[in-house]
Amino acid sequence: GVAHLGAVLGEARYLDWAAKVHDAVLGQGTDFGWYPEFVPQGEYRTEICVVGDMVSLGAWLARGGRPHYWDVVERTVRNELRASQFAITPAFAALFERLHADQPAAAIRDAFAALRRIEGGFVAQATFDDWVSYPGSPRLGAPGLYANGIHMMGCCPPEGMRALWEAWNGVVETRRDGIYVNLAFTRDHPAAAVQAFRPEDGRLEVTARQRGRYLLRPPAWSDRDAWAL
């Protein structure tokens, strides 16, 4: 909220304070989107609530005249947020059926019906490169948070959706001085159609849909000497 207010008012004092908060949390986490739920903690886990807050905070700092924060937003969405959104993929379905092979077919069908109701939600607590794990946990797929189970708390799915909303809004922005393409994400915007490719492809396609001055922001980690338009 402080960053949002600072961006709207153009108040550097608010933006400076919000940047200190953002950078302090970033300094306790990673630059690819994992941030600690609290400090210190006995086991390393984030909450998608924290991830959502950091995406919103970074987006408003970027809109407040500090565009390098878009890089943190993009890495957070591409890595932690995207990986934490729950979807029933063929690999997940195969794993689920294998883990519960001792259950009758009707029970498996009922379980999948329940799982489909929460598709699109966000796993609440994630470690650096996995879903949720604790030392000495039982096999993957055991139910319950403290048994290495997939845990979806009520607060995290809406916060994950808020982060997606913030990033989606930030892909293309129409301002007085031009049309800004801030993020390498695919979006069909009235001012520009953006087609993003994988980071290793090093490519972004932008189709202009109106007259104007277009400004594209290549990611900070890209090789400036190799840019071509």
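## Helix 4 against helix 7

Trp70, Val73, Val77 and Leu81 of helix 4 meet Gly160, Ala163, Leu164, Ala167 and Gly170 of helix 7. Contact here means heavy atoms within 4.5 Å. Helices (H or I, at least four residues) and strands (E, at least two) are DSSP runs, numbered from the N terminus. The residues of this contact divide into 7 nonpolar, 2 polar and no charged. Ala, Val, Leu, Ile, Met, Phe, Trp, Tyr, Cys and Pro count as nonpolar; Asp, Glu, Lys and Arg count as charged; the others, Gly among them, count as polar.

Two packed helices are described by the angle between their axes and the distance between the axes. The axes of helix 4 and helix 7 come within 11 Å and cross at roughly 135 degrees. That makes helix 4 oblique to helix 7. Angles under 35 degrees count as roughly parallel, over 145 as roughly antiparallel, 65 to 115 as roughly perpendicular and the rest as oblique. Axes are lines fitted to C-alpha atoms, for helices over the stretch in contact, and angles run from 0 to 180 degrees between N-to-C directions. Helix 4 passes helix 7 in a left-handed crossing. A crossing is left-handed if the near helix is turned anticlockwise from the far one by less than a right angle, and right-handed if clockwise.

## Model and overall layout

This is a predicted model: local features need pLDDT of at least 70, side-chain atom pairs count only at pLDDT 80 or more, and totals for chains, interfaces and linings use all residues. Residues are numbered from 1 along each chain as its sequence is written, and side-chain values use heavy atoms, with hydrogens and water left out.

The protein has 7 helices and 6 strands. From the N terminus on, the elements run α-α-α-α-α-α-α-β-β-β-β-β-β. The C-alpha atoms fill a box of roughly 65 × 40 × 30 Å, taken along the principal axes. Of the 229 residues, 41% are buried. Buried means under 20% relative accessible area, exposed over 50%, partly exposed in between (1.4 Å probe, protein chains only). Among contacts with a separation of 6 or more, 56% join residues 24 or more positions apart.

## Helix 3 against helix 4

Helix 4 (residues 69-84) also packs with helix 3 (residues 48-63): their axes come within 9 Å and cross at roughly 155 degrees. The two helices are therefore roughly antiparallel to each other. Helix 3 passes helix 4 in a left-handed crossing.

On the helix 3 side, the residues are Ile48, Val51, Val55, Gly58, Ala59, Leu61, Ala62 and Arg63. They meet Tyr69, Trp70, Val73, Thr76, Val77, Glu80, Leu81 and Ser84 in helix 4. These residues divide into 11 nonpolar, 3 polar and 2 charged.

Leu61 sits in helix 3. At 0% relative accessibility, Leu61 counts as buried. Leaving aside neighbours within four places in sequence, Leu61 is in contact with Ala3, Leu15, Ala18, Ala19, His22, Arg66 and Tyr69.

Pro40 lies in the loop between helix 2 (12-28) and helix 3. The peptide bond from Val39 to Pro40 is cis, with omega near -10 degrees.

## Glu166 in helix 7

Glu166 is found in helix 7. At 11% relative accessibility, Glu166 counts as buried. Leaving aside neighbours within four places in sequence, Glu166 is in contact with Val55, Ser56, Ala59, Trp60 and Arg63. Glu166 and Asp177 are 11 residues apart in sequence and 21 Å apart in space, C-alpha to C-alpha.

## Aromatic pairs

A pair of aromatic rings is described by the distance of the centres and the angle of the planes. A search of the whole structure finds 4 aromatic pairs. Rings of Phe, Tyr and Trp (its six-membered ring) pair if their centres lie within 6.5 Å; planes under 30 degrees apart count as stacked, over 60 as edge-to-face and the rest as tilted. The rings of Phe86 and Phe92 have centres 5.2 Å apart and planes at 80 degrees, so the pair is edge-to-face. Phe86 and Phe92 are both buried. Phe86, Phe92, Phe96 and Phe112 form one aromatic cluster.

The rings of Trp165 and Trp168 have centres 5.6 Å apart and planes at 25 degrees, so this pair is stacked. Both lie in helix 7 (residues 156-171), 3 residues apart, about one turn of the helix. At 38% relative accessibility, Trp168 counts as partly exposed.
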